[in-house]
Amino acid sequence: MDISVIVGGSAGIGQAAALELARLGSGVVLTYRNHPDEARQTVAQIAASGGRAVALPLDVGEIDTFAAFGERLREVLADTWGANRFTTLVNNAGFGLMAPFAETTPEQYERLHRVLLKGPYFLTQLLLPLISDGGAIINTTSTSTHPIGITTGYSAYGTMKGGLVVLTRYLAKELSPRGIRVNSVSPGVTRTRLGDDAFARHPELIPPQAARTALGRIGEPDDIAGVIGFLASDQARWITGQDIEASGGYDL
Ligand SMILES: NC(=O)c1ccc[n+]([C@@H]2O[C@H](COP(=O)([O-])OP(=O)(O)OC[C@H]3O[C@@H](n4cnc5c(N)ncnc54)[C@H](OP(=O)(O)O)[C@@H]3O)[C@@H](O)[C@H]2O)c1
């Protein structure tokens with residue numbers, strides 16, 4: 001049976017990915033940091049649809065906690081599914097931070113680095129023995145790494161996401177002997193809680209973004225989850241090392 005681990009599965013894109021992977025028949029382990037209730041609700045929603053999910057706490061910026069997380073994950077896999085491996089890892093946890101380049105502090109830079117790049121790097125390394133041969137890794141990157149998505153104030157955020165795009169290619173190469181495919185999805189502007197719930201606090205930000213999008217609206221978490229579900233599936237068996245933009249045609 002497929003089992004997916006979604007890091008940052010308590011909200012937005014990760015939550016939608018958890019629901020989509022469960023819909024596709026996968027068992028789900030989703031992690032949360034500040035929102036245990038939302039994580040529990042997602043688990044309950046999956047259970048109500050006949051699936052199976054478990055929520056675990058994890059701060060992806062605290063690499064000293066990864067070994068204990070790995071042990072807890074081993075127990076959950078064994079207790080819930082009688083398994084000692086899982087098939088799909090989704091490195092999705094993240095936060096947004098806007099600061100002009102000239103004002104970005106070393107603290108801001110380091111916080112972004114720990115959560116968006118160093119965390120996924122060493123968490124994936126630690127979890128490698130638990131990922132099945134033939135499995136898949138999907139990283140959530142961002143259009144902030146593409147020429148179309150360069151926006152003032154995201155130099156540090158975009159730099160970390162750019163590192164994750166490059167890491168995706170290296171992992172695709174190094175893990176290919178085990179048949180593990182590694183890809184990333186690069187969302188455009190998507191309606192989530194990112195940026196301290198910026199779209200809920202400032203709905204006036206939405207129409208200008210929709211106007212820059214060929215398909216005429218901003219993205220919803222489901223739009224990205226569908227791509228994650230596809231990349232995890234056998235339908236994507238010949239795709240590895242790719243960064244797939246899902247932006248509705250931003251700035252086309
Ligand atoms: N929304 C967009 O427009 C957009 C565009 C491009 C890329 N992205 C990327 O998409 C990914 C998902 O973001 P989202 O938009 O869905 O935002 P979101 O609704 O705020 O969800 C973020 C998720 O990441 C988790 N998380 C945040 N910091 C964490 C940490 N230090 N350790 C572990 N988990 C942490 C959150 O957990 P808790 O809520 O439990 O704390 C939550 O599950 C991020 O990597 C983001 O950079 C988003």
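This is a predicted model: local features need pLDDT of at least 70, side-chain atom pairs count only at pLDDT 80 or more; totals for chains, interfaces and linings use all residues.
Residues are numbered from 1 along each chain as its sequence is written.

**Overall fold**
- The protein chain has 8 helices and 7 strands. These are DSSP runs numbered from the N terminus (helices: H or I, at least four residues; strands: E, at least two).
- Its radius of gyration is 17 Å, close to the 18 Å of the globule rule for 252 residues, so the chain is as compact as a globular protein of that length. The radius is taken over C-alpha atoms, and the rule is 2.2 Å times the number of residues to the power 0.38.
- Along the principal axes, the C-alpha atoms fill a box of roughly 50 × 35 × 35 Å.

**Around the ligand**
- The shell holds 28 residues, and Gly 8, Gly 12, Ala 93, Gly 94 and Thr 192 come nearest. A residue is near if its C-beta atom, placed from the backbone, lies within 6 Å.
- Helix H1 (residues 12-23) gives the most to this shell, with 3 residues.

- Most residues other than glycine have a negative phi.
- Asp 196 has a positive phi near 55 degrees, and lies in helix H6 (residues 194-201).
- Asp 197, also in helix H6, has a positive phi of about 60 degrees.
- Asp 196 is exposed, with 10 other C-beta atoms within 10 Å. Asp 197 is exposed, with 11.

Key. A residue is buried if 20 or more other C-beta atoms lie within 10 Å of its own, exposed if 12 or fewer, and partly exposed in between; C-beta atoms are placed from the backbone.
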